[in-house]
Amino acid sequence: MLGMSRAGLAERWTLFVGALLSVALGVALVQSSLLLLISAAGANSDDAAVPMLGITLGGATFLAGFIISSTFAFTVDQRRRDLALLRLVGGSRGQVRRLLLGEALLLGLGGAAIGVPAGLGVMSLQTWLMRRFEFVPPDFVGEWRMWILGVSIGTGVVLALAGVLVAARRAARVRPLEALRESGAAARLMTAGRWVAGLFFLGGALALVIVAPHGGPAGGQAMAMNVAMPAAVTVVAFGPLLVPVLARLMPFGGGVLGALARANVRDARRRSASVAAPLIVLIALVVGNTGAGESFTSSGIGEVARSTHADFVVEAPVPARPGVATVSSETMLPAEIVTGSGEDRETTDVTALAINPRAYAAVHGTPVELTGNGVARGPGGEVPTDGSVRVRLLGLSPGSPGADLGDLPVVAAVPEMMSGGASLLMLPGQVPAALLEKAPTRSFVALEPGADASAVRADLARFGPVSTLGEWLKADAEERNSTNDKVMLVVLGLGGLYALIGVINSMVIGAATRRREFAEARVTGLTRSQVIRSALLEAYAVTGAALLLGALAASAAFFAVLSTTSAVTGTATLDLPWPLIAAVAAVALTVTGVTSLITSWSATRHPPVTLLAARE
Amino acid sequence: MTTMTMAPPAVALHGVSRVFGRGPSAVRAVDGVTLDFPRGSWTAVMGPSGSGKSTLLHCAAGLERVDAGQVLLGDTDLTVAGDAELTALRRTRIGFVFQSFNLIGALTAEQNVALPLRLAGKRPSRSAVRATLDAVGLADRARHKPRELSGGQQQRVAIARAMVTRPEVLFADEPTGALDSTAARTVLDLLRAMADAGQSIVMVTHDPGAAARADAVVFLRDGRVVDRLAGADARAVADRLAAWER
């Protein structure tokens, strides 16, 4: 069978180049993310880098599995007639399965062979991005490990075999009679597998949406950020039903070309769904996750704005001054807390805040009682609300001495906040003077009624940089959003590019088998440019449908965002990155449009009669 | 049906029906057909478009499920055979030739011919494959791919592929339908020689000239056998067909 696999590969090269490309890029992405994760975990890098790379690796593996299996399923679908022919001359179901698995094995090995060197290129690109955004130190490099060869080859082969498994099982059931029909009968649209996968991921997405508002600020955010992925898989699974229906609703314009494009969309449901699938995932992930991230930032900022009763923020300690009613000076200290004991022992890096409880309560609107040697759980959570924690204050720079404060009882807790913040509140008296002096302090200043704001501001400026609460919140929001954007770019940037290549792949594969259809349209009286225009209209209708369905999957994440922000802060918040959404839509339409033009132009290169007259 | 009744038929249909669709739009493509295709003889099936001749052929070859009745290939009941058994039959006892050749474009002529044997797990010798190709007059085209061959040559490769397993019955669906008259004559001569050598052939055609080369012609209309001719010439076949098409 391997010989036939080889012959098949050589013949249907456009299909296989597409499949090979999807494996190679998937392997490259997974390999690069894995190597970087291992390197970052070993190196002394930013705290954010390791979890971020973990998410990147998870996302890359998901995308690779998804794109590869959808590309493979599509290539198998395009070859139904060939496979039926094999059955007709005595091929058994097992032989069809073995043929397809043999091809997948070759493609997996070939893809890995290309993917390993390509992965090095991807790694230097990812490293450059992470260095540029300062998630890793400037001297950080992703290190090559010899064992990654085995992992990458394994990834390629496993993803390729897994990707073709379902398609092969389906293809093995193809009936020999289908070889006798000109184009091969359209396969059943919604298979049992699609229903099962669709309903399974729908259940997962629903569960996340339902549970997210009860997960607290951190858990709720994490769950809401994970809704887009299962929601996208759900929509893709039901794609053969949904895509043609939506695509037909797109404005085709009047005339015969519009009617032809509409008929093609209706007729080629599998093709439409295969082109739409990677687009839906791309839109859902990018729009859903950036939208959710930005919404949580706005929600957190809004929450701080509502709960903070101060007029100015000074980046320094401030003593009592004329015109000032309350000053809450808060000193930020990096700390390490240990909770539990034995196997449950857990160490967490947190920020501790040395505060004056009365001033803190007045400014932040939440009472804190600190007595004796006790500490309070801060708005950042991560500390139990009772019992005791072992607290170690860390030095302010690497190598400088910290202070072990021993076991301290947790005597109070303030409500957790969406925007996070310090996890531990303590009295300045608990902190060694040497640390307290050097640590950065921020002061929230509330004015006396009737005080001259500009005079007080001028007075405060002598201690350190002063901003109004509004200015401070705006700067905070901008910084958080910029961090968000950088994280998204690192996590989703290359994945998005990969998904986009998946879209091009599907279109090229779809067009390769349409030469005859185009030729038939031309001998019916359409000019070459009319055929190309009709294919373009069709591509736009499918892209439009994919954009809508991607938005549908993203809106499941937005639903979780609204319910979570409402539950945590009392105000449902949704803040969407419209420029990004518009840019993604524009890129999607441009890429599918250009790909359609090139593929249909190339498929109509020869005079139609040469295609229609010469038949196998 | 004189001397042929002595040997059991190559293929026998008993009350075979095949219905497409359901309810008022249902079409009885084959409607209670009982028919024997004699062993060692060439039978042509004719009829107007939509008379059910291709469906009948597909049912007789075990490619199409039947809704009622029984199809016997020799003494094997095709209507109760599972997929594995039908696959095995296609490898050993049944050969197909179709209007559109249905060769695998990626394989050369000799690879196409060897395919059924290789699927059956045999390692056919090159000389055996070449001999089969030689029998259809294409020994010199063994290394060509289908697209490098003319229609008539492709059809002869398809016949070689069908014959390489030495099947009990060769089913041919419009084998000359896509060929010009010269190529069609070559193919028909080939089939005639095979039938004379004892090969059972069942052929669907709409061409009276092709049907006249067979030993007997069965006429189908609305899914039912309506007439039968033996040893008629093309003119007689055409007249009879015209009568049934009216």
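In which helix of chain B is Arg161(B) found? Select Arg161(B) and you land in helix 5 of chain B, residues 151–163. (Helices, H or I with at least four residues, and strands, E with at least two, are DSSP runs numbered from the N terminus.)

Before we go further, some ground rules: this is a predicted model, where local features need pLDDT of at least 70 and side-chain atom pairs count only at pLDDT 80 or more, while totals for chains, interfaces and linings use all residues. Residues are numbered from 1 along each chain as its sequence is written, chains are lettered from A and ligands numbered from 1 in the order in which they are written, and side-chain values use heavy atoms, with hydrogens and water left out.

**Stop 1: around Arg161(B)**

Stay on Arg161(B). Is it buried or exposed? Arg161(B) counts as buried because its relative accessibility is 3%. (Buried means under 20% relative accessible area, exposed over 50%, and partly exposed in between, using a 1.4 Å probe and protein chains only.)

Now show what Arg161(B) is in contact with, leaving aside neighbours within four places in sequence: Val89(A), Phe101(B), Asn102(B), Leu103(B), Ile104(B), Asn112(B), Val113(B) and Pro116(B). (Contact means heavy atoms within 4.5 Å.) Draw a distance to Asn102(B) as well: its backbone oxygen lies 3.1 Å from a polar atom of the Arg161(B) side chain.

Next, click Phe101(B), one of the residues in contact with Arg161(B). Phe101(B) is in the loop between strand 6 (94–98) and helix 3 (109–119) of chain B. Phe101(B) is buried too, because its relative accessibility is 6%. Check its backbone: phi is near 65 degrees, a positive value in a residue other than glycine.

**Stop 2: another positive phi**

Jump to Asp222(B), in the loop between strand 9 (216–221) and strand 10 (224–230) of chain B. Asp222(B) is not a glycine, yet its phi is positive, about 50 degrees. Is Asp222(B) buried or exposed? Asp222(B) counts as exposed because its relative accessible area is 53%.

**Stop 3: where the chains meet**

Colour the two chains separately and look at their interface. Here 24 residues of chain A are in contact with 26 residues of chain B. The size of an interface is often given as the accessible area lost when the parts come together. For chain A and chain B the buried area is about 2300 Å², and carbon and sulfur atoms give 57% of it. (Buried area is the accessible area, with a 1.4 Å probe, that two parts lose on being put together, summed over both.)

How many salt bridges are there between chain A and chain B? The count is 3. (A salt bridge is a side-chain nitrogen of Lys or Arg within 4 Å of a carboxyl oxygen of Asp or Glu.) Select Arg93(A) and Asp83(B) to see a salt bridge whose closest N and O atoms are 3.1 Å apart.

On the side of chain A that touches chain B, the elements giving two or more residues are helix 1 (2–11), helix 4 (80–88) and helix 5 (93–132) of chain A. Helix 4 of chain A gives the largest share, 5 residues.

**Stop 4: chain A as a whole**

Chain A has 20 helices and 9 strands, and its C-alpha atoms fill a box of roughly 95 × 55 × 40 Å along the principal axes. Of the 616 residues in chain A, 52% are buried.

Go to Ser534(A), in helix 18 (residues 528–569) of chain A. Ser534(A) counts as buried because its relative accessible area is 3%. Apart from neighbours within four places in sequence, Ser534(A) is in contact with Leu257(A), Leu260(A) and Ala261(A).

Then pick Ala521(A), in helix 17 (residues 515–523) of chain A. Ala521(A) is buried, with a relative accessible area of 17%. Not counting residues up to four places away in sequence, Ala521(A) touches Leu526(A) and Val531(A).

Conventions:
A polar contact is a pair of N or O atoms within 3.5 Å; within protein, one must be able to donate a hydrogen and the other to accept it, and residues adjacent in sequence count only if both atoms are side-chain atoms.
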